[in-house]
Amino acid sequence: MTSYNTAVLPNGLRIIHTPSPTSVVYCGYAFDVGTRDERPGEHGFAHFVEHMLFKGTEKRRSWHILNRMENVGGDLNAFTDKEETIVYSAFLKKDFVRALELLTDIVFRSTFPQHEIEKERGVILEEIECYEDNPAELIFDDFEDILFRHHALGHNILGSPRYVKCFDSALAKRIAGRYYHPVNAVLFVYGNINFDRIVRWAERFTADVPRGEANNGRQVPSPCVGGRVEMKRNTHQNHVMVGCAGYSASDRRRIGLYLLNNILGGPGMNSRLNLALREHSGLVYNVESNITNYTDTGVFKIYFGVDAHDVERCLELTLGELHRLCEHPLSTYNLHAAKKQLMGQVGVASDNFENAAIGMAKTYLHYGTYEGAEALFRRIEALTSSELWDIANELFIPNNLTTLIYR
């Protein structure tokens, strides 16, 4: 069992810490706010606010923020997802107080100066154009937008130029005031730091920050079931995505789907879809499947890019592999081999301390607990062939699948 420490400050800030054997520490704030929390007319504003956290506080200008950690060789970073925003730093143990003070300053005391917004607006508009030039990424968001019937959970993270052009300092302050509170956040530390010291400095740096209110306003989307959509994108290849709604991050069946996904189109070159579409047929360069678990729903999807003349053949092969999992339960040998492969991949991935720190933060933010790779190993080991067969026959039937094609 992974060893970790937790505490809750009087202002509602939750703290989680896991020791690690290296001299590098990963520390940051995870906020329970993402693109699904944007209100009508705010598309892309969660991401814009995250950018603006680095542009000035009550006592620092953007130049001072950027150099505060870089001057000691540390990294300062942030990203916005559909359900959370993470602001974090990686640094040597001796610079812990410097990092925590800076992180606390930018997440709770940013001023969102208008002149910095005008500059950053151009940066984000360029980011949107770059994103729209990459159909292999764009199709993931378009697919979720269709699957969730244009619910905010399906919106892309960057937003649209129409709304980005309307963003200003007053709106940034309103959005930050709505969500950037201690009670809506987790402070996470992954490293060789004394836990009492973490709590003591966190109390000191957040003593004057109001508690605020937790984010409790989310509505569960109603996914669409089945259908085929084609979009004109003027790409050299056709890009195709097939999938359906999956399981939430708290649903025990997600582990079985995790294993089935790895069998079908995981990172291994021996995945069934890679063998069928690439190795045996020579039709695609890349085919993959993946799952996304949200707090109240999930998504399973298969993606490939292919010549326009071969779209229907690739779809036939893809549906054939899904049908095979529905018709033929895994043998004892194949189940054991699939478990062995997945646990090896999980073990390798968990050795990345940055990913482990962020995963810990997200899990504790949404579920108030953290188990680590060991618990996942046990759940994978416990899976049975009949459980996997039931999942396949619930999700992979043709009438349940949605298909999106970029022509």
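Helix α9 (residues 254-265) packs against helix α10 (residues 272-279) at an angle of about 20 degrees, and their axes lie 3 Å apart. Because angles under 35 degrees count as roughly parallel, α9 is therefore roughly parallel to α10. The model is predicted.

**Contact of α9 with α10**

- On the α9 side, the contact is made by Ile263, Leu264 and Gly265.
- Their partners in α10 are Arg272, Leu273 and Asn274.
- By residue class, the contact of α9 with α10 holds three nonpolar, two polar and one charged.

- Threonine 80 has threonine 85 in β5 standing opposite.

**The largest cavity**

- The volume of the largest cavity is about 50 Å³.
- Its lining consists of Val33, Gly34, Asp37, Glu38, Glu42, Phe45, Ala46, Ile175 and Tyr179.
- Two helices, α1 (45-52) and α7 (169-179), each supply at least two residues of that lining.
- The lining of the largest cavity divides into five nonpolar residues, one polar and three charged.

**The second largest cavity**

- The second largest cavity holds about 30 Å³ of space.
- Around the second largest cavity stand Leu260, Leu325, His328, Pro329, Leu330, Leu388, Trp389 and Ala392 as lining residues.
- Helix α15 (residues 385-395) gives the largest share of this lining, with three residues.
- Seven residues of the lining of the second largest cavity are nonpolar and one is polar, with no charged residue.

Note on methods. Residues numbered from 1 in each chain as written. Predicted model: local features only at pLDDT ≥ 70, side-chain atom pairs only at ≥ 80, totals over all residues. Heavy atoms only, no water. Axes fitted to C-alpha atoms, helices over the stretch in contact; angles between N-to-C directions. Helix = DSSP H or I, 4+ residues; strand = E, 2+ residues; numbered from the N terminus. Parallel < 35°, antiparallel > 145°, perpendicular 65-115°, else oblique. Contact = heavy atoms within 4.5 Å. Nonpolar A, V, L, I, M, F, W, Y, C, P; charged D, E, K, R; others polar. Pairing = 2+ DSSP bridges. 1 Å grid on protein atoms, 1.4 Å probe; cavity = no way out; pocket = protein on both sides within 12 Å on 5 of 7 lines; lining within 4 Å. Points joined across faces, edges and corners; volume = space filled by probe spheres on them.
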